[in-house]
Amino acid sequence: MPAWTDGAPFWALFAFFFAVVLVRTQATYWLARFAATWSAGSSDEGDGDAGHRGADDRGMARRRPRWVLRAGAWLQRVSAGPGMRAIERWGLLAVPASFLATGTKTAVNGAAGLLRMPFGRYTAAMVIGCLIHATIYATVGWAAWAAALSAATGSAWGAAVLGVLAVAVVVVLIRALVRARRRSGVR
């Protein structure tokens, strides 16, 4: 925990959390949008001349880095994921609502990028979500997190539990990546 947060005024915590979540969600949106656009070999400006585009796409496919092609294949596999389902069901309201539940911001904001949700509408909805997020974390959220962390690290057992949990998360992520690579045949 940064030392400046101890006893910091509400407005300072609010501004800090707002800035962090704004940057994070914009990065998620743009990374997903970039990967979807580049892996598909299309642009946001429209289709253009189909005959001309076909030749360019073949040339682009050869010049694309492997990670972009892998990201494109991954995006095709997860296109029915929870973020996509939320946006398909709730539309633009899914974006600010994703800030209310833990673990949904990345899925929904990434899906918004994949679906190439219009930037102006997305940003307006995202700013509302950022305001919600900053309010929660600057009040009860931050206090609960600080209390839980200091209670857990205040003892040797608490620190050990946090260490074991961190190792378990890393192991689960590595196993999931290995399984996904084996299924897709990527080496």
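This is a predicted model: local features need pLDDT of at least 70, side-chain atom pairs count only at pLDDT 80 or more; totals for chains, interfaces and linings use all residues.
Which helices do the buried residues of α4 pack against?

The protein has 187 residues. Its secondary structure consists of eight helices and zero strands. Follow the sequence and the pattern reads α-α-α-α-α-α-α-α.

Of the 187 residues, 29% count as buried. Buried here means under 20% relative accessible area. The accessible surface of the protein comes to about 12000 Å². Carbon and sulfur atoms hold 68% of that surface.

Contacts tell another part of the story.

Next, find helix α4 in the structure. This helix covers residues 82-90. Its buried residues are Gly83, Met84, Ala86 and Ile87. Look down the axis of α4: these buried residues fall within an arc of 160°, so they line one face of the helix. Turn to the other side of α4. There, Pro82, Glu88 and Arg89 are exposed.

The buried residues of α4 pack against two partners: α5, at residues 94-97, and α6, at residues 105-114.

Finally, step just past the end of α4. Here sits Gly91. The backbone of Gly91 takes a positive phi of about 65°.

Definitions and conventions
Residues are numbered from 1 along each chain as its sequence is written. Side-chain values use heavy atoms; hydrogens and water are left out. Buried means under 20% relative accessible area, exposed over 50%, partly exposed in between (1.4 Å probe, protein chains only). Helices (H or I, at least four residues) and strands (E, at least two) are DSSP runs, numbered from the N terminus. The arc is that of the directions from the helix axis to the C-beta atoms. Contact means heavy atoms within 4.5 Å. Accessible areas come from the Shrake-Rupley method with a 1.4 Å probe; for residues, only the protein chains shown count as cover.
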